[in-house]
Amino acid sequence: MGCSVEGGIGADKGIVAYSMFCTHLGCAVELDQASGMLVCECHQSIYDPKQSGKVVEGPAPNNLPMISLEIDKNGDIYAAGVAGLIYGLRNNLLDGEEVR
Amino acid sequence: MSNEKEFSRRDLLKVSAAAAAGACVMNGMPVFAAGKFLEAKAVEFAELPPAHAETYDTACRYCHVMCGYKVYIWPKGTGLKPDKAKFYPVEKMRGDWPNPIFTIEAKKNGKDVLIMIVPDNKDVASGSNYSVRGAFNAQSLYSEKLPTRIRLKKPMIRRGGKTSPLVEVSWDEAIGFCADNFQKIINQYGPDAIGAVYGDWGYLQNTHALLKWLFTGIKSSTLAGNGYLFWGDESWGLADVVGAGTRSFTAEDFTKTKLIFCAGKNLKDTGSSWYYQALSTGGMNKGDIKMILVDPRRIQMAEDAEKSGGLFLQIKPGTDAILGASLMHVLVMHDLYDKDFVQRHTTGFDTLKQTVLNSRFAPDNAEKITGIPAAKIIAAAEMLAKHKGQTMVLFEKGIMHQVVGYENEVAYSAMGIILGNAGKPGACTSRAGGHPRGTWADPPAPNGASSMRSICEKIDKGEIKSLWAYISNIYIQLPNLSKYKPQIDKMFLVVNEIYPTDTTAAADVVFPAATWGEWNTIQASEDRRLHIQQGFMEAPGDAKPDWWIVAQLAKRMGLSGYDWKNEQEIYDEVRAQTKGSFTSDISEIEWKDLMKSGTNGIQFPYKNRRSISRLYSPETEEVMGRRFKHDDGKAHLEPVKALADFDPFNHPLRDKITNEYPLWMIMHRANEIWNTGYNFYNNGLNVPLTPNLYERLPEQTVSINPKDARTIGVKSGDWVALNSRNGSMKAVAKVNGLTAPGVVDVMSLYPKTESTPNMVTSEKADPKLAEWDRMVPVNIVKV
Ligand code: SF4
């Protein structure tokens with residue numbers, strides 16, 4: 001992020017991670033370099049990565065789930081948990097089968 | 001307003017700004033302590049609908065799309081546990097993924113139940129999409145576990161007049177008290193001394209009951225709809241051209257069209273599912289559909305229009321009729337219109353030609369008034385010509401809620417028609433739509449149209465002694481509240497409401513109303529799909545449907561014809577009255593058909609068991625006997641002569657820009673706030689009702705161009721007062737490039753009393769449109 005944010009890790013507390021699935025209909029969100037926001041291309045929900053993934057605009061009903069990160073002494077980063085339910089899942093574990 | 005309140009509001013902003021930067025998680029979603037990912041406790045649904053869940057069909061009550069939703073109800077603890085980690089495939093974009101906010105806990109028949117309201121994957125009108133407003137359908141249901149616990153539950157009256165307290169009483173006493181007071185006023189001053197302001201979206205049965213009681217029961221002609229000041233036709237300009245103000249397209253046009261011409265309507269924020277269909281399904285984001293957007297504000301849709309290969313025409317507010325005439329000037333001058341369509345389906349083209357070829361409408365001259373470069377006007381005309389017969393020409397309140405609304409509507413309507421945009425797949429000339437439709441039977445006013453004078457004019461003359469606010473928060477919706485609120489406070493004020501509000505606080509009688517989901521309400525989308533929104537839960541306390549309240553009152557006043565046993569009986573009374581209506585015939589649609597129609601409803605006009613999907617189409621001609629609603633079956637272009645001497649800023653009712661009031665204040669609807677924001681923020685108790693939405697827009701804001709901001713000396717985040725000749729309102733400044741210099745923009749109907757734009761609007765209304773100007777000259781000062 002280039003600045004310290006809540007939930008950020010690393011020397012400047014500026015490293016954050018989010019689910020890439022918009023909470024509206026699950027389209028991929030991407031970082032818009034110009035605004036620094038995470039934007040869903042399908043229906044234009046906008047999330048602020050500096051504010052824990054808060055929705056600032058659009059149809060998304062929830063904030064973007066933020067991934068809790070851990071850094072070890074070698075500097076390797078691990079995903080350690082997730083705050084909020086990722087679109088499409090019934091829980092945040094990755095096994096399971098498709099709903100028809 | 002006390003300083004105490006003022007400070008708490010300001011502090012709130014500071015706190016929420018700090019919280020925003022600091023909070024890890026919002027929206028009440030669970031937080032998990034760090035641990036290895038696969039070891040972390042799963043975030044999961046508490047319960048999912050079991051096979052034995054009660055199932056209902058409904059449609060969203062907010063905007064004109066009326067997206068279809070499924071409702072599931074089951075006893076708490078009997079639902080399915082999420083087995084393993086079933087997932088909804090993301091590539092299918094399934095709206096029916098049961099987001100946890102779609103489920104709430106409530107009571108039914110005294111038992112704890114879970115209620116889930118989830119977008120229906122089979123809904124045609126929405127393409128199984130939804131907006132953030134509909135996403136909170138479940139969260140705005142009544143539950144003691146939610147902020148909605150403040151719903152009104154008992155009738156209340158002021159037994160001893162204005163100075164006595166509002167006390168809870170029985171229905172019998174409340175109805176009797178209200179009937180006695182109404183009767184006394186009628187006896188002393190005549191029926192017109194009783195007025196009603198009603199929400200014309202407020203469900204077919206309710207609107208019918210009120211209009212019947214007012215017009216044919218007590219015979220008062222003092223009525224205003226929620227969007228206007230009296231019983232007028234806000235679509236008068238469109239109706240003069242095509243014969244009716246009804247919307248004429250069907251939902252699939254949003255994916256079939258080649259070009260969308262959109263003026264005075266933020267379709268993205270106020271008709272979202274249709275916009276998403278054009279954008280994503282129809283491929284506007286890839287240029288498959290182009291868009292010409294006409295708006296004074298550079299909103300997201302402006303970027304989308306440009307990206308689609310279309311155009312953004314940043315217009316000076318109030319000048320749409322000039323732009324429309326100028327586009328027609330180019331189309332006619334260069335023979336770019338649809339000659340065959342004009343010849344076969346219109347009258348009055350010579351009048352149109354003579355009017356629009358006047359050099360005042362040449363693009364160079366139109367540029368001076370509209371602020372749109374002549375080259376862009378010419379490019380827009382060429383694009384419209386290229387896609388003639390394939391364009392959706394859509395306009396709505398941004399151009400209509402003005403004292404020059406008639407001229408604006410005529411200009412765009414005629415422009416759409418001479419290009420043959422009517423009744424074809426992907427082509428229409430239509431209002432875009434606002435809220436769902438809730439009024440069908442249109443009884444005539446008792447003393448003829450001349451008795452219908454502006455409700456404000458009647459208040460000024462002291463002719464109104466009692467006002468009934470019916471599915472309408474008048475202290476947000478009426479214009480010039482700075483002047484009229486103190487006067488209405490003194491009247492015998494009756495209010496039907498679901499929440500305690502600023503208006504109920506001033507009332508002599510408060511009737512608690514049952515609402516969406518609590519009985520079988522009826523509305524129609526603006527592509528004319530009639531829906532029953534099935535009742536699935538009980539109303540809180542003693543709350544009753546509005547139609548029931550009217551019926552009790554009417555009977556207590558000795559009137560007959562109000563013995564409806566249920567909402568179906570009113571529907572049957574109404575549908576019989578629509579027989580033969582060119583645009584609105586629902587007479588053959590039976591209750592049982594609607595109950596079986598799923599979330600799609602039944603499209604009308606409906607004749608010989610056949611729905612007409614597009615008005616003004618060959619199909620319309622086949623079923624209804626003529627193509628357009630006018631008796632001759634043609635579209636009329638003669639009304640364009642109204643543009644001959646038209647000067648938007650010298651209209652006698654239009655307020656003027658001066659040194660003292662140098663800025664035009666315009667307004668827009670926010671994505672998150674529907675209607676009066678009644679499910680967003682409660683201005684009676686000053687609490688957010690859907691906190692997750694509220695945190696996105698915790699205060700009114702005013703967008704100011706950087707150039708104006710420098711002159712005024714304000715920066716983003718400053719609290720400012722906007723002062724007009726009528727009154728004052730407060731907002732937080734947002735300095736940005738949304739508007740051009742000289743124009744500032746606020747949220748319309750923002751539900752905090754001191755920040756609602758109607759504190760500064762004027763009540764001067766167009767004598768036929770019943771509309772007042774939502775463009776107001778203001779000055780801005782830092783406070
Ligand atoms: S787009 Fe309109 S109808 Fe659909 S969910 Fe949103 S507000 Fe409701």
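B:K483 is partly exposed, with a relative accessible area of 32%, where buried means under 20% relative accessible area, exposed means over 50%, and partly exposed lies in between, as computed with a 1.4 Å probe on protein chains only. The structure is a predicted model, in which local features need pLDDT of at least 70 and side-chain atom pairs count only at pLDDT 80 or more, while totals for chains, interfaces and linings use all residues. Residues are numbered from 1 along each chain as its sequence is written, chains are lettered from A and ligands numbered from 1 in the order in which they are written, and side-chain values use heavy atoms, with hydrogens and water left out.

B:K483 forms a salt bridge with B:E763, and the closest N and O atoms of the two are 3.1 Å apart; a salt bridge is taken as a side-chain nitrogen of Lys or Arg within 4 Å of a carboxyl oxygen of Asp or Glu. This pair links distant parts of the chain, since B:K483 belongs to helix α19 (residues 481-489) of chain B and B:E763 to the loop between β30 (743-747) and β31 (776-782) of chain B, 280 residues apart. Helices (H or I, at least four residues) and strands (E, at least two) are DSSP runs numbered from the N terminus.

Over all chains, the structure holds 49 salt bridges. Among them is the one between B:R614 and B:D253, with the closest N and O atoms 2.8 Å apart. The two residues stand 361 residues apart, B:R614 in the loop between β22 and α24 of chain B and B:D253 in helix α6 (residues 253-256) of chain B, and both are buried. A further salt bridge joins the side chains of B:R298 and B:E306 (3.1 Å, N to O); here B:R298 is partly exposed, with a relative accessible area of 31%, and B:E306 is partly exposed as well, at 33%. Salt bridges also link B:E234, B:R247, B:E396, B:K397, B:R431 and B:E526 in a network.

Chain B contains an open sheet of 7 strands in the order β6-β5-β17-β16-β15-β7-β8, with mixed pairing, two strands being paired if DSSP finds at least two bridges between them. At its edges stand β6 (167-168) and β8 (222-225) of chain B, each with a single partner strand, so that one side of each is left without a neighbour in the sheet. Within this sheet, strand β16 (residues 492-497) and strand β17 (residues 509-512) of chain B pair in the parallel sense over 4 bridges, and the bridge partner of B:V494 in β17(B) is B:V509. Helix α4 (residues 204-217) of chain B lies across β7 (194-198), β8 and β15 (466-470) of chain B, and runs at about 160° to β7(B). Contact means heavy atoms within 4.5 Å, and axes are lines fitted to C-alpha atoms, for helices over the stretch in contact, with angles running from 0 to 180 degrees between N-to-C directions.

An open sheet of 5 strands, with parallel pairing, has the order β11-β10-β9-β13-β14 in chain B. Its edge strands, β11 (311-314) and β14 (428-431) of chain B, each pair on one side only, and the twist averages 10° from one strand to the next. Strand β10 (residues 290-295) of chain B pairs with β11(B) in the parallel sense over 4 bridges, with B:D295 opposite B:Q314 in β11(B). Helix α14 (residues 374-386) of chain B lies across β9 (259-263), β10, β11 and β13 (391-395) of chain B, at about 135° to β11(B). Helix α16 (residues 405-418) of chain B packs on the sheet, where it touches β9, β10, β13 and β14 of chain B, and its direction makes about 170° with that of β13(B).

Backbone geometry was also examined. A cis peptide bond, with omega about 5°, joins B:F604 and B:P605, and B:P605 lies in the loop between β20 (602-603) and β21 (606-607) of chain B. B:Y616, although not a glycine, has a positive phi of about 65°; this residue is found in the loop between β22 (610-611) and α24 (618-624) of chain B and is buried, with a relative accessible area of 1%.
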